[in-house]
Amino acid sequence: MTFRIRLYVAFAAGMLMPLALLVFGIRREMTRQIAGQYEQRVEALAGVVRADLSADAGRTGRTLAALGAELAASNRFRLAVIQHDETERGWLLDYAGDALRLSGLAMLQIADSSGRVLSSGHFRNEFDRVMPELPLLLASASTGPALVRARTPDGAVLVIARVDSFAVAGQRFTIVGGRGVDSTALTRFASDSDLVVALATPDAAPVVDAGRGGRVLGRIGIPYIDAAATPPAADSAYLLIAQRPGALDEVIRRVDRWFLAAFAVTTLLALLLAAWLARQIGRPLAELAEKTAALDLDRLDQDFASDRHDEIGALSRLLGALTGRLRAGAIRLREAERRATVGDVARQVNHDVKNGLAPIRHVVRHLGEVARDEPERLAEVFAERRGTLDSSVDYLETLARNYARLSPALDRGRCDVNAIVRETLRGIEPRAAEVRSELAAGLPPIRSDNIALRRILENLVGNAVGSLDGKQGEVTVTTASVRNESGTGVRIAVADTGPGMTREALDRAFDDFHTTKPGGTGLGLSVVRRLVADLGGTLRVQTQPGAGTCFTVELPVEGGDA
């Protein structure tokens, strides 16, 4: 949220909240008075509705009792139901329909003890349908009226129903009937012109609309049974007592209109005033923000001078002073970065050149020993070791070309891992350690940079020999072909029997310029990790104090997945 919007909100809230609180209090008091006026009228109407419903249920119950007595005494009913006389079947099918019309009922159904319909007046085709749930639901609902939704040929009908039973020849029969309920029937309850009774069922909106602007003031619950569903389900329906819009409602609407008009005018004035104040305060802040946004380490020439004597002027002068200090700090930072960059490059060059000079130094020392002890073999030994001298010189020349670009580039090509291992081990001075190799036969070629791979091996083997610190021990270099989830690759492992590393030493082993050897640069393992990553390989370390260390490098084969 911007500062200007916050000003809008603050001024609008300060002006509008008191007005809204006042109107809310007035509306609340008026609503309380209206509720008090209607409470007694609603209670009286609810009593009338309950009494009328009970009277309807009583009349329905008496009608059903009379019909039950008539059927219990009817020989034709006994012949049709007990003796299954086919000649009386038609009379039984038509009985409920004739009785329904004569009694003024909207629903009439006669069933045996299993719930099989014997005669249905409201839907003749329900004959022989088994519906044991309806009488049970009506009997368990209550002794008072219950609302039933029954199916007819023209659709569903709502009735206030009762259930009764009678016995014939030791068999129990049920009779369910009810009087219809519709909008016309409900209007008789609303003798008060401001109140209306509406019926709300689970599957339908109120039959009678409470009127635009009306409010529901009371409700009467009635057990509701949906006999049109399969199977019939019990729920609850409500007779809602609602208020029609009247004179008091019109007063409330007029008050609402005046309130809305006053609220709109006040809101407009508050927003205009907030906009003017926000412009007066926000414009200089926006100018300061624009100047500040243009600042970076390469552009610190912004002028924050101001002749204002308020808080914004003080902020502008403070930003000017901070920019001056930032300008001086940026100059010092650039100088420090330049020196740090030159120092880092110098250390890495020193480290790589030392690795390249080591084989030359070993060959020269060997030639000196031969010249002193066996001068006649000097030419022969020189011819043997000349390959090491040439490869070391080529290595140093390649480093020189790469460092001329400050970022050594990889020259990927077909690379024989075993050949590079043999060439690297010939240039390693074993000192007291025994350096040996276990190279797998038939190793597939990899796509790599020969110089990069040699740098990796020289660092790992040199560190392994150095870890023995001139003591007896073994350094073993092994190669093998591997297959993992990334594809086919070649594994190179360099293991020593040195002192191993602690967890703390391992955590810092790959940090730049971290070393535990006198005269070391601390770049060996960090260079190894970077070169392995550049070649698309992985590097793992297994070490334990007193049990030695093993570095494992896995590189993808030529044409394999990287």
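Exposed means over 50% relative accessible area, and buried means under 20%. The legends below describe a predicted model.

**Figure 1. Helix H4 has a buried side and a side turned away from it.** The buried residues of H4 are Leu134, Pro135 and Leu138. Down the helix axis, these residues fall within an arc of 95 degrees, so they line one face of H4. Leu136 and Ser140 are exposed. They sit on the face turned away from the buried side. An α-helix has 3.6 residues a turn, so residues three or four places apart point the same way.

**Figure 2. His122 sits in a loop.** The loop runs between strand S2 (117–120) and helix H4 (133–141). Is His122 buried or exposed? Its relative accessibility is 8%, so His122 counts as buried. A polar atom of the His122 side chain lies 3.4 Å from the backbone nitrogen of Leu108. Leu108 is also on the list of residues that His122 touches, which leaves out residues up to four places away in sequence. That list includes Leu100, Ala106, Met107 and Gln109. Ala150, Arg151, Thr152 and Pro153 are on the list too.

**Figure 3. Gly218 lies in strand S7.** The strand spans residues 215–226. Gly218 has 16% relative accessibility, so this residue counts as buried. Which residues does Gly218 contact, leaving aside its neighbours within four places in sequence? They are Val42, Leu239, Leu240 and Ile241. Gly218 and Leu45 are 173 residues apart along the chain. Their C-alpha atoms are separated by 9.6 Å.

**Figure 4. A nonpolar patch lies on the surface.** Four residues form the patch: Val265, Leu268, Leu269 and Leu272. Together they have about 400 Å² of accessible area. Val265 belongs to helix H6, which covers residues 247–293.

**Figure 5. Arg116 forms a salt bridge with Asp112.** Side chains of opposite charge can pair when their charged atoms come close. Between Arg116 and Asp112, the closest N and O atoms are 3.4 Å apart. Asp112 counts as buried because its relative accessibility is 12%. Arg116, at 27%, counts as partly exposed.

**Figure 6. Two further salt bridges pair Glu374 with Arg377 and Glu438 with Arg436.** In the Glu374 pair, the closest N and O atoms are 3.4 Å apart. Glu374 is partly exposed, with a relative accessible area of 34%. Arg377 is partly exposed at 27%. In the Glu438 pair, the closest N and O atoms are 2.6 Å apart. Arg436 has a relative accessible area of 31%, so Arg436 is partly exposed. Glu438 counts as partly exposed at 40%. Elsewhere, salt bridges that share partners join Asp112, Arg116 and Asp128 into one network. How many salt bridges does the count come to? The count is 18.

**Figure 7. The whole chain puts the close-ups in context.** The chain has 562 residues, and 37% of them count as buried. There are 12 helices and 15 strands. The chain exposes about 31100 Å². Carbon and sulfur atoms supply 55% of that area. Take the contacts between residues at least 6 apart in sequence: 66% of them join residues at least 24 apart.

Notes
Residues numbered from 1 in each chain as written. Predicted model: local features only at pLDDT ≥ 70, side-chain atom pairs only at ≥ 80, totals over all residues. Heavy atoms only, no water. Helix = DSSP H or I, 4+ residues; strand = E, 2+ residues; numbered from the N terminus. Buried < 20%, exposed > 50% of the residue type's maximum accessible area, 1.4 Å probe, protein only. Polar contact = N/O pair within 3.5 Å; in protein donor to acceptor, adjacent residues only side chain to side chain. Contact = heavy atoms within 4.5 Å. Patch = residues over 30% accessible without salt bridge, like charges linked within 9 Å, V, L, I, M, F, W, Y side chains within 5 Å. Areas by Shrake-Rupley, 256 points an atom, 1.4 Å probe, with all protein chains shown as cover. Salt bridge = Lys/Arg side-chain N within 4 Å of Asp/Glu carboxyl O. Arc of directions from axis to C-beta.
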